[in-house]
Amino acid sequence: MIKVENLTQIYKSGKGIFDLNFTIKESEVFGYLGPNGSGKTTTIRNLLGFSNATRGRATINGKDCRSEAASLQNYIGYLPGEIAFFDNMSGMQFLKFMGDMRKTKDNSIRDSLIERLDLDTEGKIKKMSKGMKQKLGIITAFMHDPAVYILDEPTSGLDPFMQNIFIKMIEEEKSRGKTIMMSSHIFEEVQRTCDRAGIIKEGRIVAVEEIKALNAMKKESYIITLKDSKDISKLSNHSFDVKTLSENRVEITIGDSYKEFFQVLSSCSVINLDVNQQTLEDIFMKYYGKDGISHE
Ligand SMILES: Nc1ncnc2c1ncn2[C@@H]1O[C@H](COP(=O)(O)OP(=O)(O)OP(=O)(O)O)[C@@H](O)[C@H]1O
């Protein structure tokens with residue numbers, strides 16, 4: 001549905017995006033992760049046809065994002081990272097203006113979203129908080145029932161309750177066959193909603209992975225505090241990965257060797273045992289390292 005081929009945009013500073021290649025299938029939710037300044041917004045602006053790429057191209061449903069941007073407009077629900085609205089309009093005036101531009105006849109989705117996100121649309125936009133503006137942006141992106149969503153940091157400014165509502169909205173749209181690309185800094189959000197994630201660092205894609213595969217890579221480790229530091233050698237004599245944290249504390253990763261682990265453990269004097277579940281972020285960092293090279 002979304003195809004990015006050798007997409008490159010180099011700013012005068014030399015920064016930008018370089019030879020990006022990835023595809024997003026129909027009805028897939030794709031997370032686009034990367035640190036500040038890594039090129040997420042530059043990529044998204046190219047998908048919306050706002051920028052002239054230095055080379056390469058992007059297409060949505062077979063249409064060129066730059067030359068056929070106008071005909072893609074109603075097909076896409078776009079939430080920008082920084083929302084610039086018409087400050088003097090009220091929320092409802094802005095939503096009506098957007099509806100007129102798109103020639104939307106049925107306002108039922110708009111009205112149910114206002115209710116669901118609990119947004120007061122009567123006040124002027126310039127007096128709205130960051131979270132309220134973000135809600136207004138989400139309603140604008142969703143209200144015309146687009147086939148493709150491109151969302152730049154969608155939960156930024158939302159409180160945890162609203163973040164959960166937003167995640168439910170994404171799940172519902174996915175089940176209706178919509179294609180969704182969302183950029184994020186937040187691994188947990190991507191883990192909860194996305195089928196795959198692409199990681200961009202310094203303008204280059206360093207990884208595209210299935211979230212399921214990454215979840216399967218998650219390992220549990222155990223932090224063990226021992227009464228007698230001599231017991232460390234007992235634990236080290238096995239196939240476990242043992243990291244000494246202090247004189248009498250170790251972190252052990254055991255894979256699936258539970259039986260062996262508990263047998264050895266029963267011969268040690270254990271004062272305390274904590275379970276440490278790796279997060280998706282830990283996996284990415286371990287798997288790709290700071291330099292973006294796979295260390296697997
Ligand atoms: N209009 C521009 N002119 C020159 N350089 C730019 C422009 N827009 C972005 N850049 C630079 O290109 C790089 C990528 O920026 P981009 O905004 O795409 O990153 P990002 O991943 O969206 O960051 P953030 O998470 O902070 O929003 C940065 O080094 C940024 O300074």
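In this predicted model, the C-alpha centres of domain 1 and domain 2 lie 45 Å apart, with domain 1 covering residues 2–211 and domain 2 covering 219–277, bounds that come from an automatic or database domain assignment. Because the model is predicted, local features need pLDDT of at least 70 and side-chain atom pairs count only at pLDDT 80 or more, while totals for chains, interfaces and linings use all residues. Residues are numbered from 1 along each chain as its sequence is written.

**Annotated span**
- An unreviewed UniProt entry annotates residues 2–227 as "domain: ABC transporter"; such positions are given in the numbering used here, feature names are shortened, and annotations may be inferred rather than shown by experiment.
- That span, residues 2–227, is 34% helix and 29% strand, and its end C-alpha atoms lie 57 Å apart; helices (H or I, at least four residues) and strands (E, at least two) are DSSP runs, numbered from the N terminus.

**Ligand shell**
- The ligand is surrounded by 13 residues, of which Tyr11, Asn36, Lys40, Thr41 and Thr42 are the closest, where a residue counts if its C-beta atom, placed from the backbone, lies within 6 Å.
- Helix α1, residues 40–47, contributes the most to this shell, with three residues.

**Strands β9 and β10**
- Strands β9 (residues 196–201) and β10 (residues 204–210) run antiparallel and are joined by six bridges, pairing being defined as at least two DSSP bridges between two strands.
- Ile199 has Ala207 in β10 as its bridge partner, and in the hairpin, which has two residues between the strands, Glu202 takes a positive phi near 45°.
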